[in-house]
Amino acid sequence: MGWFSWSSNSNQASDGGRIAPDRTSRQKCWEARDTFFSCLDNNDIIDSVKGDKEARKKCGKEIAEFEASCATAWVKYFKEKRVMEYNRDKTIERIKKEDAATVQDLKSQGWTSR
Amino acid sequence: MSLPLRSITRTLTRTSRTCHTPSIATTRPVLPQTLRQNVSLTSPRTAVPFSTSPMRSKSRTMGQIRARNATGPFSWKSALLFVLTGAGMIVYFRVEKDRLERKRIAEMSKGVGKPKVGGPFVLKDLEGKVFTEDELKGRYSFVYFGFTHCPDICPDELDKMAEIIDKVKEANKGDNVFLPVFITCDPVRDTPEVLKNYLQEFHKDIIGLTGTYDQVKQVCKAYRVYFSTPKDVKPGDDYLVDHSIYFYLMDPDGDFVECIGRQDTPESATKTIMEHINDWKREGKPLKKD
């Protein structure tokens, strides 16, 4: 977990920069995230920031693994992204439904697709 | 055929009538001659004797017409020529149209006078040497802004960049006409050493650039990149940087050409880039290859 314990000096580069997660640790973080999110899916939890308590109760093991494998900023980012993507998909679905309804409506009024 | 025949007979009778007077003996040998002359005049191409029936000669002409209809101006050769010419023209016009469209986009992006995207900047490369916009000139450059602590989009895009680099190199037969550049938006954490280690995981050809906070802010502004890096970060702070996620394709003059975005695949991006490079070559403009 040395990569993500930011306060320690282990990720400090010799010229003062901060070493970023490499491919392996990124992969590890993403896998932990996917496991955690599939647990949230199974428990119908979308927002694990607002529903933090419930998420911790139902997916305790997964969230611990997720937070251990990813940097704090990443954890927050992924949690928020999940909510954002959910809302986005829902909006797209709603617009598609509305479009279909409009098309139906127009067809019933005698419009053709041409 | 029947008409000339009748006229011959008429001439015949007329001649014989007029020739009745002074002496028959002298006029007699003349008769076949006039007759022969008349025949040859009325149907010049035939050595056909009188016995030729009108029926047969008619069917022959029809046969000729039919033959002409079968092979005449609409033979398969001319049809093929027509189709090929047509297809050739269509392909040519499409290619030209595409080329002009790309040129229009490139010209449009150049703006009037001052370039809209890109321009002068001062940064340093991973060896610590000063790197300015002049280093990009002479080749097509492919500029990406990011930061090494980027959670998911940048690594994906950099993997894509690596694929594009290889594909473009292959398409240019190894000529070094294409410069992939990564400019960090997060200079505090991304020092040359950090950047070097980070970029090595993606592609060795990527040129990493970093600088001071103000230098980076300036280059982001020049490339119209949204820049949100916090200025005063304490060591150990963990934060993310919002930034634009486009690749900027710049021509050898340092002018912006086109954006490559998230929706592009390595294939489609390579296609777009190669089209621009080939247009540039076709126009005979200089391009560094070494």
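**Entry 1: the nonpolar cores**

I began with the largest nonpolar core, which has 52 residues, and I noted that B:V143, B:F247 and B:L249 have the most contacts inside it. For this entry a nonpolar core is a set of buried Ala, Val, Leu, Ile, Met, Phe, Trp, Tyr and Cys residues joined through C-beta atoms within 7 Å. I call a residue buried if 20 or more other C-beta atoms lie within 10 Å of its own, exposed if 12 or fewer do, and partly exposed in between, with C-beta atoms placed from the backbone. The model is a predicted one, in which local features need pLDDT of at least 70 and side-chain atom pairs count only at pLDDT 80 or more, while totals for chains, interfaces and linings use all residues. Residues are numbered from 1 along each chain as its sequence is written, and chains are lettered from A and ligands numbered from 1 in the order in which they are written.

Which elements of chain B each supply at least two residues of this core? I found β3 (140-146), α6, β4, α7 (192-200), α8, β6, β7 (256-260) and α9 (266-282), and the largest share, six residues, comes from α6(B). Helices (H or I, at least four residues) and strands (E, at least two) are DSSP runs, numbered from the N terminus. I then looked at B:F247, and, leaving aside its neighbours within four places in sequence, B:F247 is in contact with B:F142, B:V143, B:Y144, B:M161, B:C259 and B:I260. Two residues are in contact if their C-beta atoms, placed from the backbone, lie within 7 Å. In soluble globular proteins, nonpolar side chains tend to be buried together.

**Entry 2: chain B as a whole**

I recorded nine helices and seven strands in chain B, and 27% of its 290 residues count as buried. Among contacts in chain B between residues at least 6 apart in sequence, 72% join residues at least 24 apart.

**Entry 3: two helix pairs**

I looked up α6(B) and α9(B), which pack at an angle of about 45 degrees with their axes 9 Å apart. Axes are lines fitted to C-alpha atoms, for helices over the stretch in contact, and angles run from 0 to 180 degrees between N-to-C directions. That angle makes α6(B) oblique to α9(B), because angles under 35 degrees count as roughly parallel, over 145 as roughly antiparallel, 65 to 115 as roughly perpendicular and the rest as oblique. The contact is made by B:K160, B:E163, B:I164, B:K167, B:V168 and B:A171 of α6(B) with B:P266, B:A269, B:T270, B:I273 and B:M274 of α9(B). By class I noted seven nonpolar, one polar and three charged residues in this contact, where Ala, Val, Leu, Ile, Met, Phe, Trp, Tyr, Cys and Pro count as nonpolar, Asp, Glu, Lys and Arg as charged, and the others, Gly among them, as polar.

In chain A, the axes of α1(A) and α3 (residues 60-69) come within 8 Å and cross at roughly 155 degrees, which makes α1(A) roughly antiparallel to α3(A). Here A:K28, A:C29, A:A32, A:R33, A:T35, A:F36 and A:C39 in α1(A) meet A:E62, A:I63, A:E65, A:F66 and A:S69 in α3(A), and by class this contact has six nonpolar, two polar and four charged residues.

**Entry 4: where the chains touch**

How many residues of chain A are in contact with chain B? I found 19 residues of chain A in contact with 17 residues of chain B. On the side of chain A that touches chain B, α1 (23-42) and α4 (72-108) each supply at least two residues, and the largest share, five residues, comes from α4(A). By class, this side of chain A has nine nonpolar, five polar and five charged residues.

Most residues other than glycine have a negative phi. I noted that B:K173, which is not a glycine, has a positive phi of about 55 degrees and is placed in the loop between α6 (153-171) and β4 (178-184) of chain B. B:K173 counts as exposed because it has 7 C-beta neighbours inside 10 Å. B:R224, also other than glycine, has a positive phi near 55 degrees and is found in the loop between α8 (213-222) and β6 (247-250) of chain B.

Is B:R224 exposed or partly exposed? B:R224 counts as partly exposed, because it has 14 C-beta neighbours inside 10 Å. B:D242 is found in the loop between α8 and β6 of chain B, and B:D242 is exposed, with 12 other C-beta atoms within 10 Å. Leaving aside its neighbours within four places in sequence, B:D242 is in contact with B:Y226 and B:S228.
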